[in-house]
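Please read them alongside the model.

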Amino acid sequence: MGKSLRQAVRATVHLFLAAVMTFGLYIFITVLIITAVGTIMVAGAWLLPETVLVIRRIAGAKRQMTARWTGREIPEAYQAVEGPLRERLRIAVRDPGTLLDLRWMVASYVYGALLIPALPLWPVALVVDGVWSGLLRRSPAVLPLITKIADLEARWSTALLRPSPKALLAARVQALAATRADAIAAHEAELRRIERDLHDGAQARLVALSMRIGLAQRAYDRDPEGARTLMAEAQNQVQEALTELRQVVRGIHPPILTDRGLVGAVRALAASSGLDVSVEVKGGLEEGPRPPAAVEAAAYFAVAEALTNAAKYGGGRRADVRLERLRTGLRAVVRDDGDGGADENEGTGLLGIRRRVAALDGDVQLSSPAGGPTVIEVQLPCVW
């Protein structure tokens with residue numbers, strides 16, 4: 001009885017919120033009329049894309065409300081309303097999501113008031129189920145009907161608000177185009193960085209090395225002692241040039257990642273970090289097959305950047321790294337006890353992580369409230 005009562009109360013709250021939203025949609029008819037008149041008169045055509053954006057927000061709120069009841073998310077698939085007015089009008093009118101939302105609004109004017117048949121069931125339920133369940137110890141008979149009405153409302157909303165496969169495919173193509181552009185931009189930036197490092201570092205040292213060897217050759221006959229000094233300096237420059245070349249190679253693909261795998265490379269990062277770093281490995285990542293090289297590299301650089309940021313800017317003393325093998329991919333989580341407040345818009349490090357991960361169709365979640373802690377979670381899909 002208690003469980004059915006709590007579920008019926010929750011269902012009534014859901015139906016009440018749906019009825020409030022439906023009442024708001026009736027008021028919103030005024031906005032729709034003003035928008036239609038303004039668009040017909042041309043002078044108010046700018047209202048149309050703005051109204052469509054408002055409708056999207058209302059539909060999004062309904063999707064969240066329905067998801068809270070059902071426990072299943074309802075995806076969205078909209079084209080971005082941006083650009084000049086003519087382009088915004090074209091997108092607002094031709095986007096399949098606009099017709100989908102309008103269809104839901106019209107239907108909601110009818111089924112959004114399912115609270116009305118649900119409310120009279122309460123006094124009946126208190127009497128009937130109070131005797132039937134409270135005295136006779138039987139399962140409630142009326143309270144579940146209220147829950148079923150809420151389920152019906154949620155099923156209709158889900159069916160009306162779920163985008164068509166074509167719309168989902170179009171949204172997916174748009175997202176892939178954006179991530180492809182980000183990946184190309186990140187690749188070009190990486191190439192420029194490598195070129196700059198080679199030009200300003202190793203190449204400059206090799207030029208100086210060549211000049212020093214030439215001076216040593218000229219001075220060998222007349223000043224052997226000076227020639228030996230120049231050759232010793234040249235040897236030091238060779239070591240410095242090799243060190244810089246190793247750093248450039250490490251920035252492209254760390255050799256330790258190839259030799260020891262992701263777990264070993266991350267443990268080496270933890271050992272060399274300025275923080276007290278613990279590494280936890282879950283899901284049999286060490287024993288099972290290794291993820292693809294691109295996935296390993298993305299996870300490695302994400303962890304490296306997160307630890308670097310924590311050491312430089314976080315102000316903390318400890319960090320925890322968790323690597324986990326999932327059924328559909330790989331998860332890497334870095335948590336530090338710093339001051340928080342990390343913002344990917346204020347630098348290139350976190351944005352670089354997001355771009356690198358997005359290029360592999362992965363996802364990055366950042367949580368960094370003021371006062372900490374900062375948690376960066378990276379999920380990368382792959383086939384094991």
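**Cavities and helix packing**

By class, five nonpolar, no polar and two charged residues make up the lining of the largest cavity. Ala, Val, Leu, Ile, Met, Phe, Trp, Tyr, Cys and Pro count as nonpolar, Asp, Glu, Lys and Arg as charged, and the others, Gly among them, as polar. This is a predicted model, where local features need pLDDT of at least 70, side-chain atom pairs count only at pLDDT 80 or more, and totals for chains, interfaces and linings use all residues. Residues are numbered from 1 along each chain as its sequence is written, and side-chain values use heavy atoms, with hydrogens and water left out.

1. **Largest cavity.** About 40 Å³ of space lies in this cavity. Its lining is Glu344, Leu350, Ile353, Arg354, Val364, Leu366 and Ile376. Helix α12 (349-358) gives the most, with three residues. Both α12 and β4 (363-367) supply at least two. Helices (H or I, at least four residues) and strands (E, at least two) are DSSP runs, numbered from the N terminus.

2. **Cavity search.** Across the whole structure, two cavities of 30 Å³ or more are found. A cavity is a set of points, on a 1 Å grid over the protein atoms alone, where a 1.4 Å probe fits but cannot get out; lining residues have an atom within 4 Å of a point. Grid points are joined across faces, edges and corners, and a volume is the space filled by probe spheres set on the points.

3. **Second largest cavity.** The volume here is about 30 Å³. Ala302, Val303, Ala306, Ala332, Val333, Val334, Ile376 and Val378 line the second largest cavity. Two or more residues each come from α11 (293-314), β3 (329-336) and β5 (374-381).

4. **α10 and α11.** The axes of α10 (residues 255-272) and α11 come within 10 Å and cross at roughly 30°. Axes are lines fitted to C-alpha atoms, for helices over the stretch in contact, and angles run from 0 to 180 degrees between N-to-C directions. The pair is therefore roughly parallel. Angles under 35 degrees count as roughly parallel, over 145 as roughly antiparallel, 65 to 115 as roughly perpendicular and the rest as oblique. Contact (heavy atoms within 4.5 Å) involves residues including Leu262 and Val266 of α10 and Tyr300 and Val303 of α11. By class, this contact has 12 nonpolar, one polar and one charged residues.

5. **α1 and α7.** Helix α1 (residues 2-40) and helix α7 (residues 143-161) have axes that come within 8 Å and cross at roughly 40°. They are therefore oblique to each other. Among the residues in contact are Leu5, Ala8 and Leu15 of α1 and Ile146, Thr147, Ala150 and Glu153 of α7. The contact of α1 with α7 has nine nonpolar, five polar and one charged residues.

6. **α2 and α7.** For α2 (residues 47-70) and α7, the axes come within 10 Å and cross at roughly 135°. This pair is therefore oblique. Residues of α2 including Lys62, Arg63 and Trp69 meet residues of α7 including Thr147, Ala150, Asp151 and Glu153. The classes are five nonpolar, five polar and four charged. Thr147, Ala150 and Glu153 are listed in the contact with α1 and in that with α2.

Note on methods: On a 1 Å grid over the protein atoms alone, a cavity is a set of points where a 1.4 Å probe fits but cannot get out, and a pocket is an open set with protein on both sides within 12 Å along at least five of seven lines; lining residues have an atom within 4 Å of a point.
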